[in-house]
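Subject: Structure handover

Hello,

Here is the structure you will be taking over. My notes on it follow below.

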Amino acid sequence: GAELAAEAQVLVFDEFQITDVADAMVCRQLFDACWDRGLVLVATSNRPPDDLYEDGPNREHFLPFVRRLKAACKVSAVAGDTDHRRLRLR
């Protein structure tokens with residue numbers, strides 16, 4: 001995280017999700033290190049932060065990351081009737 005923060009100012013994730021315990025632990029350590037050094041995070045996801053790693057084993061150890069994610073980031077829901085991904089298929 002420290003090396004990444006030294007090289008970048010913004011970190012972008014598209015379709016951000018966490019599905020296993022290894023991802024959960026890596027994300028927590030990586031994001032903490034980046035945020036502690038002022039790195040900006042931008043992410044898209046089909047899940048709100050409270051649903052990340054939902055029902056995962058030892059999820060209680062991941063919840064501090066969810067709380068920090070919600071405190072450090074502005075969460076915006078983009079709702080609409082159009083699935084813009086499907087527009088390219090026409």
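Asp-32 and Arg-68 meet through their side chains in a salt bridge, at 3.0 Å from N to O. A salt bridge here is a side-chain nitrogen of Lys or Arg within 4 Å of a carboxyl oxygen of Asp or Glu. Helices (H or I, at least four residues) and strands (E, at least two) are DSSP runs, numbered from the N terminus.

This is a predicted model, in which local features need pLDDT of at least 70 and side-chain atom pairs count only at pLDDT 80 or more, while totals for chains, interfaces and linings use all residues. Residues are numbered from 1 along each chain as its sequence is written, and side-chain values use heavy atoms, with hydrogens and water left out.

Arg-68 also forms a salt bridge with Asp-36, at 2.7 Å from N to O. That pair again links distant parts of the chain, helix 3 for Arg-68 and helix 2 for Asp-36, 32 residues apart. Arg-68 is partly exposed, with a relative accessible area of 28%, and Asp-36 counts as exposed at 56%. The classes are buried (under 20% relative accessible area), exposed (over 50%) and partly exposed (in between), with a 1.4 Å probe and protein chains only.

Another salt bridge joins the side chains of Arg-47 and Glu-54, at 3.5 Å from N to O. Both residues are partly exposed, Arg-47 at 39% and Glu-54 at 43%. Through shared partners, salt bridges join Asp-32, Asp-36 and Arg-68 into one network. The count comes to four salt bridges.

A polar atom of the Arg-59 side chain does lie 2.6 Å from the backbone oxygen of Asp-50.

Not counting residues up to four places away in sequence, Arg-59 touches Pro-49, Asp-50, Asp-51, Leu-52, Tyr-53 and Glu-54. Touching means heavy atoms within 4.5 Å.

Regards

How values were computed
Polar contact = N/O pair within 3.5 Å; in protein donor to acceptor, adjacent residues only side chain to side chain.
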